Amino acid sequence: MSIHVSLDVVALIAAIVGLGVAAQFLAAKYRVPSVLFFIFTGVAIGPEGLELIPPDVVGDALSTIVGVSVAIIIFEGTFRLEYGAIREASKVVSRMITIGAVIAFVGTSLTVGLLLGASWDIAFLVGALLVATGPTVIAPILAVVPVREEVATTLEVEGIVNDVTAAVLAVVLFKAMTARHLSPGGYVWLFVQRLATGVIVGLVVAGVVWYLLTQVEHPPETAPQTARLLALAGAVVAFAAADSVFSEAGIVAAATAGFTLGSLELPDQEEILQFIRDVTFLVLSFVFITLAALLEFAELLALGVAGLAVVAVLMVVIRPLAVFVSTAGVSFTTSERAFMSFVGPRGIIPASVATLFAVRLRTEAPPSDPSGAHLLLGTVFLVILVTVVVEAGFARPVASMLGVTESER
């Protein structure tokens, strides 16, 4: 029986990877962000569609698979960031990841609490998770919408940094919900612990990888392969080492290691980047399709009109407010700011962390809020589904209408 189950799982994983490749091909052919095809594919083969993927297909391993996958995705995103481009956009980037993130967090939390009647614990947890836009959904959009470099860099860096901070903040709030004995200073300390641990581990791992690549002699015929594998190992080791100390510190470590290595002069750097991109594509398609396959429409429909109202407020009020406040007084045009306001889809981090929290809430939720897990999961997935479908699907025509694509400038 165990061999049969194992074979079924292997066949299913192979099928998901194959569907991911097909989705990427269609996305490239029709110039549409690939995440759209990933989501539709996942829903089609999940319990709400053809039922090819049962809800417990990967069981308790889901959080581990998603965690390692996110580490690789984050590592690739930070590795390819160009320091010069970040420096040019540093003023608006720093505002987007501070002022903009605070506006998104507070605005989303209040909206969820007031419109859905959620407890403030759940409302702030949802608010923390939905701060993250993320490279997993931003990068596919920018791949088919060629905007000015400063605009693209701002959106990419915002997504990467907010992925990290949102995940850490959400873990702190979740621990506060279940522990209920922390002082305000305790929240800050939990946040700083995870952030500092991730940065330190990431720097150490990046230093080791740099030393092995530059100070140790490798045979010329195997040097490119060694460089690729060391970089990939660095992403996974950084995540695992930091995460073993504090949950979610691993994401910070992977981001730190990626940015540090990407900023250094490494042998075979282009080959490393291409290899990490290919691996990222595989894990991205697998995780997105798998999580989309686990969607339960009942949890989305239970939110009713109020759920759609929350999504509308997030897209039409909170996101534009965060962007226009953060970009005030900088060199972005009104059209570019409008495009940035439109592009704020949520992705892997909210989906994966919300799934993990929902499982825990069903056993750890306070008696006064037994439905918190359903509200958390339903709200987060509804926002992800609508923002990805609408914003990724219409990003190209909106950019063209606003005249912000490079070919139209």
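This is a predicted model: local features need pLDDT of at least 70, side-chain atom pairs count only at pLDDT 80 or more; totals for chains, interfaces and linings use all residues.
User: Why are helices α2 and α12 called oblique to each other?

Analyst: Helix α2 (residues 34–45) and helix α12 (residues 269–293) pack at an angle of about 45°, with their axes 7 Å apart. Angles under 35 degrees count as roughly parallel, and 65 to 115 as roughly perpendicular. The two helices are therefore oblique.

User: What makes up the contact of α2 with α12?

Analyst: Residues of α2, including Phe-38 and Ile-39, meet residues of α12, including Phe-281 and Leu-284. The contact residues divide into eleven nonpolar, three polar and no charged.

User: How do you know that Arg-277 forms a salt bridge with Glu-76?

Analyst: The closest N and O atoms of Arg-277 and Glu-76 are 3.8 Å apart, and the rule asks for a nitrogen within 4 Å of a carboxyl oxygen. The pair is therefore a salt bridge. This pair links distant parts of the chain, with Arg-277 in helix α12 and Glu-76 in helix α3, 201 residues apart.

User: Why is Glu-76 called buried, while Arg-277 is called partly exposed?

Analyst: Buried means under 20% relative accessible area, and exposed over 50%. Glu-76 has 7% relative accessibility, so Glu-76 counts as buried. Arg-277 has a relative accessible area of 38%, which lies in between, so Arg-277 is partly exposed.

User: What makes Arg-228 and Glu-271 a salt bridge?

Analyst: Their closest N and O atoms are 2.6 Å apart, and the limit is within 4 Å.

Definitions and conventions:
Residues are numbered from 1 along each chain as its sequence is written. Side-chain values use heavy atoms; hydrogens and water are left out. Axes are lines fitted to C-alpha atoms, for helices over the stretch in contact, and angles run from 0 to 180 degrees between N-to-C directions. Helices (H or I, at least four residues) and strands (E, at least two) are DSSP runs, numbered from the N terminus. Angles under 35 degrees count as roughly parallel, over 145 as roughly antiparallel, 65 to 115 as roughly perpendicular and the rest as oblique. Contact means heavy atoms within 4.5 Å. Ala, Val, Leu, Ile, Met, Phe, Trp, Tyr, Cys and Pro count as nonpolar, Asp, Glu, Lys and Arg as charged, and the others, Gly among them, as polar. A salt bridge is a side-chain nitrogen of Lys or Arg within 4 Å of a carboxyl oxygen of Asp or Glu. Buried means under 20% relative accessible area, exposed over 50%, partly exposed in between (1.4 Å probe, protein chains only).
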